Every structure is written in structure tokens, then in C-alpha cells.
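Work through the exercises below with the model open. Each task is followed by a stepwise solution.

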Amino acid sequence: MAERSGWDRTGARCDVRSGNETSRSRVRATIFDFMLGAIVGDIIGSVHEHAGTRTKDFPLFTPQSFFTDDTVLTVAVADWILTGADLVDLLHEYTDAYPGRGYGLMYDRWVRRRSREPYNSFGNGSAMRVGPIGFAYDTIEDVLTWAERSAAVTHNHPEGIRGAQAAAAAIFWARRTRDRNEIRLKLEANFGYDLDFTLDSIRSTYRFNETCQGTVPQALIAFLESTSYEDAVRNAISLGGDADTLACITGGIAEAYYGGVPAEILGPGLKLLDERLTAVVNRFRERFLPA
Ligand SMILES: [Mg+2]
């Protein structure tokens, strides 16, 4: 097994070499920062959307960093899992409560019309909000079922469903295996994405893309090529695309795989959440922490 890194509960970095150590470290770190990798990824990416950033060298946080629609709707899905409330109502409510956070045009129109019908979207919104499902369920069947349900109220196009399922499954598998290539093969076999490319090979030509099929494979590669949580998020943002959403999807997977978000990254990110979002995140963590 290759040398890997993790963080203990205090956020102190520790090198992890054996399988047992990896497992112990993962559990500790997971208790510390369960489900926050997606949210922090969104916040780090927030100032890079439409900025054309094509480097991994940038400050993680700036005075302008903020949580975007990705965080709001990820928390809405966590709330849905926790309370069993109607997901359409929750999406409407959360979007009303946090206006102007960068929602897609069709989605925003769907909310304002109080529509309850899906609009056949294959936008990456279904993949950006699905993170909690990858953490909450303990079988791949449940993960796929609930990922589809979470997507289908708006993103009922097959690509919208596929993107959500692949992003959630990647988190689920990242929680369970140390073998990154196994995750890659499972993603290719189950979802049919071509993951045979590198970030370097697409960086100069990749363009802003809000579709699942133009975002999810790239986010998966950003994780698969990474060496740490921070490196994964930097990878995602370096593509110069829909940076907050790429970093949100990649960040959730990386958190699951590396066993957490380092404290020095987590702290500044979480400070930007308000009380309501923080409360839901904390309830979710309490409910789904590994025993
Ligand atoms: Mg966003």
C-alpha cells in the first residue's frame, strides 16, 4: 500500500502506512469532520467560478469566499435525509432562504414558480447536492436508490440521475476502500464514464460546463489524481470550469477517502456558514457518525 496521509481528531496530520492505522485514523478524522468536505470545497471554489483559474497555486480562502448554491442544496438534502420532509418543499424553502447564491437559471425559475414537476435537467446540480447520501447509507443499493430520488425531483434526465448516482457512489466507495484504482474501475463499470484521461490533458481546452456529463467525470479525475484533500480541491479548481461545483463534488469524495478535512482548512470554511446551516450539518454528523 502506498504511503498515505490522514488527520487525527484534533486535526493534527499523521502519516499512515499500514491498513490498520489507516482505518483507525479514518474513523477518528471522520468523527471530526463528517460531510464537510463538499461544503468546504464549494466555499474554496466560490471565487473561482467564471474566473478561468487554471493553476493549483492560489490562496484557499479570500475575503470574498462564500458558500454558494452547492452548499445550500447539499444541506437541504441532508435535512431531507434527517427529517423525511418533502424534498421539493425543502428545495423551495432553502432556495428562498438563501437567494442569489448562484443557482442555475432553470432551477431558479422552477423554485420561483413553486413547480413540483421535474424539468428533465441534466445540469450538475443533481451531483453537487448529493454528497450527504454517499455518507448516510451503508449499502451501494441504498446509495443509488436515494441518489436517484434526490435527483429525480428536478434532474430526471438520465444524465442527471447518472451524475448524482456516480458522485454519491464515489463517496460510498471512498469510505470503504484504500484502493483508488478499484474506485476508478467501479465508477467506469457502473456508470459508463470514460475516466481514461488526465487533468493535464484537458486543462487547456476544458471550458465552463454546467452539465453532469461535463462535470462529474472531471471531478472524479480531480479526486483520482489527488494526494490529499487539499490537493483534490486544487485539482478541481485548476480546470477553470464550474469551480465551486467541481470542488464540491471532488471535496466530498476526497473527504471520505482521506478521512477528513484538515483542521486548518475546515476552520476558516465553517466560519462562513450561518447558524441554520451549521445546525443541520451538526445534526447530520451526530446521526450518521460511525459507531
Ligand atoms: Mg455554486
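**Exercise 1. Where does His 50 lie?**

Solution. First, the ground rules. The model is predicted: local features need pLDDT of at least 70, side-chain atom pairs count only at pLDDT 80 or more, and totals for chains, interfaces and linings use all residues. Residues are numbered from 1 along each chain as its sequence is written.

Step 1. Helices are DSSP runs of H or I with at least four residues, strands are runs of E with at least two, and both are numbered from the N terminus.
Step 2. His 50 sits in the loop between H2 and helix H3 (69-83).
Step 3. Its phi is near 65°, a positive value in a residue other than glycine.
Step 4. Apply the burial cut-offs: a residue is buried if 20 or more other C-beta atoms lie within 10 Å of its own, exposed if 12 or fewer, and partly exposed in between, with C-beta atoms placed from the backbone. His 50 has 12 C-beta neighbours inside 10 Å, so it counts as exposed.

**Exercise 2. Which residues have the most contacts inside the largest nonpolar core?**

Solution. 
Step 1. A nonpolar core is a set of buried Ala, Val, Leu, Ile, Met, Phe, Trp, Tyr and Cys residues joined through C-beta atoms within 7 Å.
Step 2. The largest one has 75 residues, and Ala 168 and Ala 170 have the most contacts inside it.
Step 3. H9 gives the most to this core, with 11 residues.
Step 4. List the partners of Ala 170, leaving aside neighbours within four places in sequence: Ile 183, Leu 187, Leu 220 and Ile 253.
Step 5. Ile 140 touches Ala 169 and Phe 172, not counting residues up to four places away. It has 16 C-beta neighbours inside 10 Å, so it is partly exposed.

**Exercise 3. How do H2 and H15 cross?**

Solution. 
Step 1. Axes are lines fitted to C-alpha atoms, for helices over the stretch in contact, and angles run from 0 to 180 degrees between N-to-C directions.
Step 2. The axes of H2 (residues 37-45) and H15 (residues 263-270) come within 10 Å and cross at roughly 70°.
Step 3. Classify the angle: under 35 degrees is roughly parallel, over 145 roughly antiparallel, 65 to 115 roughly perpendicular, the rest oblique. H2 and H15 are therefore roughly perpendicular.
Step 4. The contact uses Ile 39, Val 40 and Ile 43 of H2, and Ile 265, Leu 266 and Gly 269 of H15.
Step 5. Sort by type. Ala, Val, Leu, Ile, Met, Phe, Trp, Tyr, Cys and Pro count as nonpolar, Asp, Glu, Lys and Arg as charged, and the others, Gly among them, as polar. The tally is 5 nonpolar, 1 polar and no charged.

**Exercise 4. Is Arg 114 buried or exposed?**

Solution. 
Step 1. Arg 114 is in the loop between helix H5 (105-112) and helix H6 (125-128).
Step 2. With 10 C-beta neighbours inside 10 Å, Arg 114 counts as exposed.
Step 3. Its phi is positive, about 55°, although it is not a glycine.

Note on methods:
Contact = placed C-beta atoms within 7 Å.
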